Amino acid sequence: MLNLPDSLYPDPIQADNTVMSNGGAPANNNGPCDGASKAIDWPSASVEDLVVLLREPEHREKAISSLTQIKCFATHPQTKMQFLNVQIHRYLYPFLETEETSKPFLYLRLMSLGVIGGLLKEVGDPSTKVAVHCLLESGLFPLCLKSIEYGNELSQSIASWIMSRIMMQEQGLQYCCEPANQWCAIMKVFNDIIEKMQDEPSSLVLKNIIQCYIILSNDPSRGCLLLRSFIPPILTTAPYIEALRARPVTLKNLQNLFQKLSMGWGPNAEAVARSSHLDR
């Protein structure tokens, strides 16, 4: 078995400023990474084959090494567009599609999400718009939802951060809001994960899910109308409000969101304001 050190899993709270601010991209983009010129070489396999292959240390080490190289290509300005043009991101999808929750798979999922997050870290960069188009066309969005379902806390937070970055682009918002089945899929996963964490809500995950709700509410056609029916009222209860006290901006955003949806949702908007004391 490959012995993955605990340090490969940063504390979610400590990692918030680094992982969530840049999508898991390397902080230093001054030049290509060492070894980035080596060929990316792992077996092309189905999810079922992947589970079997990665039980062998040799294949796990090869996958981790390749992901490290891919991250350099994806985030470096000189190679980012080439990365998208040849669709290297598709090689990451088996790590996001698997439902395996053992430690090696959690780490591979986390690394893969970090690579994709790096493609989206610059909101105003023209390459980000291209990245969103490529990622949507290649079927990334359902894999983000699956990562929220089966990943650990940090994977859930990065996956929801990626979703919020995609939604910031017009194409991404249309993708989420226009097909009814896509909207329902997003709301179901969000609602399920919010309910599952009610004993110990994660402010790290909630921060990005709330951001997604806010972006979706900006859809001019029916964003607010749909959110009134789908956003879980449980967000206004004490455990969630207490979890968000350390993030006053997010708590204020949640209050503002319920106020925006106040037609037919007045009691919940008042509950957030009353619990958070932000109206005093």
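Does Cys212 count as buried or exposed, and what is the relative accessibility behind that label? Cys212 counts as buried, because its relative accessibility is 0%. Keep that residue in mind as we look around this predicted model.

## The chain as a whole

Let's start with the overall picture. The chain is built with 16 helices and zero strands. It has 280 residues, and 52% of them count as buried.

How do the parts of the chain meet? Take the contacts between residues with a separation of 6 or more: 75% of them join residues 24 or more positions apart.

## A covered helix

## The nonpolar core

Next, look inside. The largest nonpolar core has 71 residues, and those touching the most other members are Leu140, Ile162, Met163, Phe190, Tyr213, Leu216 and Leu235. Helix H12, residues 203-217, gives this core its largest share, nine residues.

Leaving out residues up to four places away in sequence, Leu235 touches Ile194, Leu206, Tyr213, Tyr240, Ile241, Leu254 and Phe258.

## Cysteines without partners

Now back to the cysteines. A search of the whole structure turns up zero disulfides. For Cys177, the nearest cysteine sulfur belongs to Cys176 and is 6.2 Å away. For Cys212, the nearest cysteine sulfur is also that of Cys176, at 7.9 Å. A disulfide needs two cysteine sulfur atoms within 2.5 Å, so Cys177 is in no disulfide and Cys212 is in no disulfide either.

Cys177 counts as buried because its relative accessibility is 2%.

Our last stop is Ser217, which lies in helix H12. Is Ser217 buried or exposed? Ser217 counts as buried, because its relative accessibility is 4%.

Which residues does Ser217 contact, leaving aside neighbours within four places in sequence? They are Gly223, Cys224, Leu227, Leu257 and Lys260. With Lys260 there is a polar contact between the two side chains, at 3.1 Å. Arg228 is eleven residues from Ser217 in sequence, and their C-alpha atoms are 9.4 Å apart in space.

Key: Residues numbered from 1 in each chain as written. Predicted model: local features only at pLDDT ≥ 70, side-chain atom pairs only at ≥ 80, totals over all residues. Heavy atoms only, no water. Helix = DSSP H or I, 4+ residues; strand = E, 2+ residues; numbered from the N terminus. Buried < 20%, exposed > 50% of the residue type's maximum accessible area, 1.4 Å probe, protein only. Contact = heavy atoms within 4.5 Å. Core = buried A, V, L, I, M, F, W, Y, C linked by side-chain atoms within 4.5 Å. Polar contact = N/O pair within 3.5 Å; in protein donor to acceptor, adjacent residues only side chain to side chain.
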